[in-house]
Structure formats: C-alpha cells, structure tokens
Amino acid sequence: PFPLQHSRGPPSGRTRTEPPTSMAPMLRTSCAAALCLAARAGAVQLSLEQRVAEGECSKLAPSGAETYFPSSVQARPEISADLFDIKYGATFKVVISHMVKEQYVLTQCGQAEPTDAQVESIAPLPAEYQRKRFNVPLRTATAGSTVQLGFLEYLGVRDRIKYITSYAVAPCWQRAASCNSTLESEWGGNATLRAEQLASVDAYFMDCAYGGDCSNVRGQANGVHIPATQDPSPLKTAEYILFFGAFFNKDPEATKHFLEVNASYHSAKVSLQTKPVVAWMQFYDKNYTISEAHYKRAFVTDAGGANFDAEAALAGLPGLYVTTASTGKSVTISISNFNASGLTKAQVQAAAAAQIMPKLASVDVLIDETYAFAPRSYTFASFQDTYKLAGTEAYNFLTSRRVARVDGTLSEGDDLDWYESRIARPDWAVEGLARVLHPGGSHTQKYFRNIAADEAPTVLSKGSCQQALPVCDASAEAKPIKVLGAVAQETSAAARCVVGASTVAAFAASAMW
C-alpha cells in the first residue's frame, strides 16, 4: 500500500483454595455436572454455556470495582499509533478506528451488552462516527487482505480465521487456503457465496476501497477497518497488533509482542557515518515512478542509508509530476512525454530512460519495485530491460552491484511476504535492508534480495505448517482463550469441568463423582 490442557478441577460441592478476598464475591457458583458432561463436538459452533465452561466467557456480573479488564492486562500503546484508540470498561472495551470513523464495542462474552450511556461514559461518540458491537473473544473471523494476516499469525489465532485471501503467504495460511477457506473475490467472484461467507463469521477485517472511500466498511454490519498501513511509520503500523488483540482478548500478548518488535527494531538499526543513497523505483503503465512513502524512507534511515531526493534530482525533465498523500509522496514521469513520430513503445521507453536514469547516477542502492507476474524469473537482465540499461553505465548502483527487490520471500503461488508479515514485523525489514545496504555484515536476509548478485527468492511452503487447523482438520478445535484478569479464576475452575469424552469417562472411572 502507498501506499498473532485442561486439568481436572474439584467436583461440584468440594472446597478449593479461595482467591484474594476482593474477588471472593465473584465466585458464587460452582461447576454444574451437566456442563461437565457437555459434548464438545464442533470447534466453531460452541454454545455460550460451553464457552463459559471452557473459561472463555463468564456470566458473573462484576460488582463494585471488579472488572474483566484490569489495568494489568490492558493493551499498552508505547508509541501511540495515530489512527486508533482503545478504552476499557468493567465488562467491555471500545476500539476506535479513526479513518473509517467507527467505534467497536467489544463486550466480554457472557456479559450483558452495555447501554449507549455506559459506552459514552468512557468513549463519547464524535460527530459522523458510528458504533458496531461484538462479543469477545471472537470465535470466527475473516481476513480480507494479507495486511491483516501477519498480526493474526503472531497472536496465535489462526484456528479462529475461517476465510482468508487467496494471496496468503505464511505456510499455515497457504494450507488453510488449500482447504477451501479462500474468501470469494469481490472482483468477478460469486457474490452470493461471498455474502454467505462474510455473514457466517463474527467479524470481517477489511480495507477501505481504493482512494480512501470507507463506505464499504461502514455498510458491512460485521466489518472492521484496521488502518495499519495508513499510519506513517513502520513501528506505528506494527502497534496495530494491539487493535487486533482486543478482538480476541489477547491484549497482554499483543503488548508483549509489540514490545519485542520495538526492541528488535531498534537493535537492527544501523548508525554509520557513510550512508549509501537509496531510491525506490518502478516502471508501470508507461510511467517511471520513484516512491518516497514515509515508511520506506524510515526503513532507509534506520537501516543506515540516505534517501534519494527524486523531486530535486529529476527537476526539469518533461512531464514530471509529484503526488502527495498523508502516507508520503511519489515522483512520476510518463514516457509519453518522450514520444516522437514513428517510435515504438520500446523505443519511447528507451528514450525516456536515457534521460531519467543518468539522474540516478549517485544512487548507491536501487530498489526495483516493478511488478513481475513471475517474480522468481525476474533477474538482473530483467531489470536492465525494464530500465534500458547496458549494465556498464557508471552509475553507483551498477558499479557496486546493489539492485534489490522486495520479493525475497514468496509463497508457493509467488505472492510477496512483503505485503504480509512485514506489516507486523518491521524489524525484519530493517534487518533485511541493512544487509543490502551494508554487505559483508552479520545481517539476516529477509524480504529483500539483491538481483545484481543473482540472489533468488526464498519460497515458503504450506507443507511446513505443523498446526492442526479447524478449516482443514475435522478433529481440530480452536483453543480456548481464557477470560482476562482476576475474574478468570472463576472461569478457569469452570474450564476444568468441560473436557473431552475420554476424560469424562476417566472421571467416572476414578470415582471422583
């Protein structure tokens, strides 16, 4: 874009260790034998009673200062991403998505839905905003693009994602897609089937339409917009794992993950006196474009490079125009400005390149973002043809043999991990770019490959996925996500009562009943 064992508890009626006095009022019920014997068939369609028994939901209303979301488990933003906020109540939380102008009221499952007045007390509804309501943790969800998949991967909720985009890259997402869990395309797909898929899940994580029109999200009853790639910096983008975590009651895990990414990012940063100049360039639809998106410029700076000033360097060339957005800017020159009577398209492109490329002679590392239908086949020779270079020109990126692409990690279907895991792991991007900018060091290859050095992409295979997935394996179940906070002591006790049939039989045999 410009653009995450049940142990057996005491039988009903027996005593157990009491929790701290402040929480004792919460523990007013014990496990019912009926729940202990409840069948757990069907990982997706569990009843509320079964989810209560698993410890995922609770019907106990907090009293006084009791809360399901104490400060110790709340998401803790470290750098404060620009486009979302999270507010906490006693039985619910409110995630505010500013780009789409929506509030998502997330109620702890088993609890009464808060009134508008209760929500207003912690998150007043601004003008033009609307509210949507969900119970958490979500039991099922759909990811509409690869942007969301990295976050869901690191939260460990793959077993709750029912449909995904066909462009998924991580091994287990590829495996899920091979099990008929691909979301029907909105471009030429079966519209009826797509509508049925989206209606069958608790939430649909989706993007706004091209150009920033978010009416598609606002019109989707279970639609949730997470504007991760619209925030200006890589670390602010990575912080959206807190947004996702709130929907699955994975708030503490989300905070932990982000703190690790933040520390890793700063550890990967390079500070050297000599900084190679870097340009991000592509040829598409008769245009040569140099991108100066904020996140790319941040990657270059943090990897120990200097950003190329395209607007200044290309000034005076015919047809140059600059596009500016909240996410950065791009500098474009159309080859049509170099057309002359009788020239073929290839000749026009060559004429344009002959004037454009010398302006980049001082660039030490050129990152070629030109789209390739078959990225594994895109070589240094392909690059030379795209930019009409002989390869012997006295350009720094040629003499130093540093021409990179972001297709260094691919799926079996040639989809780029750059648009999936990199969103949630910008630290890996800095590490991978630093390797290209400063060859010979100890940096690990990730996302980037140097085609001038004949590097080939790393291909991720669905065969390396070792996790049992409900969408693929009939016996697989989504792992329970325990109620957060001190209230979890009651639900954990309940969870010890709902077990598989073989464990129930073991209980009976052991004369515990």
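Start at Ala141. Its bridge partner in strand S7 is Ala203. Keep in mind that this is a predicted model. Ala141 lies in strand S5, residues 141-143. Strand S7 covers residues 203-206. How many bridges join S5 to S7? Three, and the two strands run parallel.

Now widen the view. S5 and S7 belong to an open sheet of four strands. Read the order as S6-S5-S7-S8. The pairing is parallel. In general, strands of a sheet pair through backbone hydrogen bonds, either parallel or antiparallel.

Which strands stand at the edges? Strand S6, 161-163, and strand S8, 223-225. Each has a single partner strand, so one side of each is left without a neighbour in the sheet. Neighbouring strands here are turned against each other by 35° on average, direction ignored.

Second stop: a helix pair. Two packed helices are described by the angle between their axes and the distance between the axes. Take helix H11, residues 294-302, and helix H17, residues 426-437. Their axes come within 9 Å. They cross at roughly 60°. H11 and H17 are therefore oblique to each other. The crossing of H11 and H17 is right-handed.

Which residues make the contact? From H11, Phe299, Val300 and Asp302. From H17, Pro426, Ala429, Val430, Leu433 and Leu437. By class, the contact of H11 with H17 has seven nonpolar residues, no polar ones and one charged.

That's my tour. Thanks.

Methods: Residues are numbered from 1 along each chain as its sequence is written. This is a predicted model: local features need pLDDT of at least 70, side-chain atom pairs count only at pLDDT 80 or more; totals for chains, interfaces and linings use all residues. Side-chain values use heavy atoms; hydrogens and water are left out. Axes are lines fitted to C-alpha atoms, for helices over the stretch in contact, and angles run from 0 to 180 degrees between N-to-C directions. Angles under 35 degrees count as roughly parallel, over 145 as roughly antiparallel, 65 to 115 as roughly perpendicular and the rest as oblique. A crossing is left-handed if the near helix is turned anticlockwise from the far one by less than a right angle, and right-handed if clockwise. Contact means heavy atoms within 4.5 Å. Ala, Val, Leu, Ile, Met, Phe, Trp, Tyr, Cys and Pro count as nonpolar, Asp, Glu, Lys and Arg as charged, and the others, Gly among them, as polar. Two strands pair if DSSP finds at least two bridges between them.
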